[in-house]
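Please work through the exercises below with the sequence and the model at hand.

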Amino acid sequence: MLRQNLTKVTKRFYASAWQKQTSLPAFSHQPQPYNGPSAEEVLRLRKQHLNPANFLMYPDNPLMLVEGNMQYVYDEQGKRYLDLFGGIVTTSVGHSHPTVLKAAHEQLDKIIHTTVIYLNNQIAEYAKELTDRLPEKLSHVYFVNSGSEANDLALLMARAHTKKSQVFGLRNGYHGMSAGTMGLTALSSWRQQVPQGSSIHHVLMPDMYRGPFANLSEEDQGNMYAADVRNALETVGGHTAGFILESIQGVGGTYTYPKNYVKQAFESVREVGGVCISDEVQTGFGRTGTHFWGFENHDVVPDIVTMAKGMGNGAALGAVVTTEEIAQSIKGLHFNTYGGNPLSCAIGRAVLKVIDEDNIQQNALERGNQFFDGLRDLQKKYEIIGDLRGRGLMIGIDLVTDREKKTPASKEAAEILEFARQKGVLIGKGGLKGNVFRLKPVMCLNEQDVDYTLNVLDQAFEKISR
């Protein structure tokens with residue numbers, strides 16, 4: 001009884017706190033005066049010279065960001081915004097974090113680039129510090145520059161090691177937009193109408209909200225979706241090279257999986273001689289709060305782990321980590337010009353240092369719990385919130401126009417996104433229908449930041465529900 005009462009008190013505390021936080025928390029940083037071209041001129045130049053397939057988060061009134069400090073970013077007018085998307089889950093420990101800046105400046109004063117044909121301490125020490133945070137068998141690191149490169153290399157490793165070709169992924173998954181990884185990415189928005197990666201198959205995405213088994217218990221859903229993996233593997237006989245998944249689906253709408261699904265799927269893949277790949281590009285480096293790596297939440301140890309994004313806190317940095325046995329499967333020479341350059345590695349090492357010194361993972365857990373407590377209160381209040389998903393500071397808010405039919409509220413999501421922007425809060429959006437808010441903030445945000453966000457969402461949901 002006492003514990004129940006404490007829970008009620010805690011929930012009342014969060015509700016009263018975020019209702020009172022009516023403005024962005026005070027912050028001492030003063031942005032530098034901006035002296036560059038106007039936002040209108042930048043937009044004109046972008047349309048004239050940049051990739052026309054790039055998209056804008058706010059197409060009707062594009063936002064230009066010119067400076068950042070910790071959990072905040074600033075536009076050219078000096079207006080401050082709380083960054084709840086972190087450059088698409090990339091700025092992890094803080095914009096212009098002083099520890100990361102210091103490491104970068106010190107390395108810039110020494111040498112930026114050497115390539116791996118020469119020895120350099122940064123890459124060697126970073127590889128050791130990175131593998132110290134992984135299960136013992138994951139001992140060999142290949143440094144690259146992005147998540148797409150990392151997943152491309154993981155496919156190469158799986159096929160070289162098994163001497164087989166077929167790779168399995170999940171529907172609704174996102175693994176990059178290179179020629180090789182686009183075939184793995186099973187979201188139509190992110191696929192071009194050209195031939196893509198060959199010998200790739202997609203199994204059912206374990207959707208506990210809209211999926212075909214949503215009326216079953218979580219355990220039964222896990223069993224059913226795992227059975228789909230087994231059935232799919234049987235269709236290609238003994239030709240399976242590997243199976244790849246995100247520990248939590250990111251771009252697809254922050255989908256978590258039923259308990260024991262991943263463990264069963266990995267067991268089935270290994271039974272037919274394939275290797276298991278965990279895409280930690282978004283879930284790694286403490287973001288889920290409970291663990292440093294997303295795969296740890298599933299009680300599994302992959303054969304290959306890919307990572308990027310938050311790894312470099314905005315710097316171009318990615319990696320593939322695997323076993324010695326799989327690493328030995330890459331015969332002859334293998335090379336990446338910029339992968340593991342001294343500057344990127346110095347930044348990566350600083351990120352690890354900040355995660356420890358600033359208790360980033362613990363903050364992700366606490367602020368994530370705070371978010372979920374407040375969002376559950378809002379879900380009781382507003383019918384538009386259909387489902388809440390995620391772990392730590394990887395949160396999805398699935399908006400619907402009808403809770404019974406679970407109809408995606410895509411138009412309403414866009415309107416709320418703009419409302420939050422006007423209030424100084426930047427939120428991400430994803431899912432196949434663009435109706436899932438992606439709260440994946442810079443992980444140094446504080447309690448008052450969460451309170452303010454909940455207040456803004458409360459106002460937005462109230463306005464859209466009238």
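The exercises below concern confidence, a pocket and cysteines.

This is a predicted model, in which local features need pLDDT of at least 70, side-chain atom pairs count only at pLDDT 80 or more, and totals for chains, interfaces and linings use all residues. Residues are numbered from 1 along each chain as its sequence is written, and side-chain values use heavy atoms, without hydrogens and water.

**Exercise 1.** Determine where pLDDT (the predictor's confidence in each residue, from 0 to 100) stays under 50.

*Solution.* Begin with the chain: its average pLDDT is 94, and 96% of the residues score at least 70. Then turn to residues 1-14, over which pLDDT stays under 50. For this stretch the model has seven contacts (heavy atoms within 4.5 Å) beyond four places in sequence.

**Exercise 2.** Describe the lining of the second largest pocket.

*Solution.* First, the volume of this pocket is about 750 Å³. Next, 26 residues line the second largest pocket, and the closest to its centre are Leu56, Met57, Pro62, Leu63 and Met64. Finally, the lining divides into 17 nonpolar, three polar and six charged residues; Ala, Val, Leu, Ile, Met, Phe, Trp, Tyr, Cys and Pro count as nonpolar, Asp, Glu, Lys and Arg as charged, and the others, Gly among them, as polar.

**Exercise 3.** Classify cysteine 276 and cysteine 444 as buried or exposed.

*Solution.* Apply the cut-offs: buried means under 20% relative accessible area, exposed over 50%, and partly exposed in between (1.4 Å probe, protein chains only). Cysteine 276 is buried because its relative accessibility is 0%. Cysteine 444 has a relative accessible area of 18%, so this residue is also buried.

How values were computed. 1 Å grid on protein atoms, 1.4 Å probe; cavity = no way out; pocket = protein on both sides within 12 Å on 5 of 7 lines; lining within 4 Å. Points joined across faces, edges and corners; volume = space filled by probe spheres on them.
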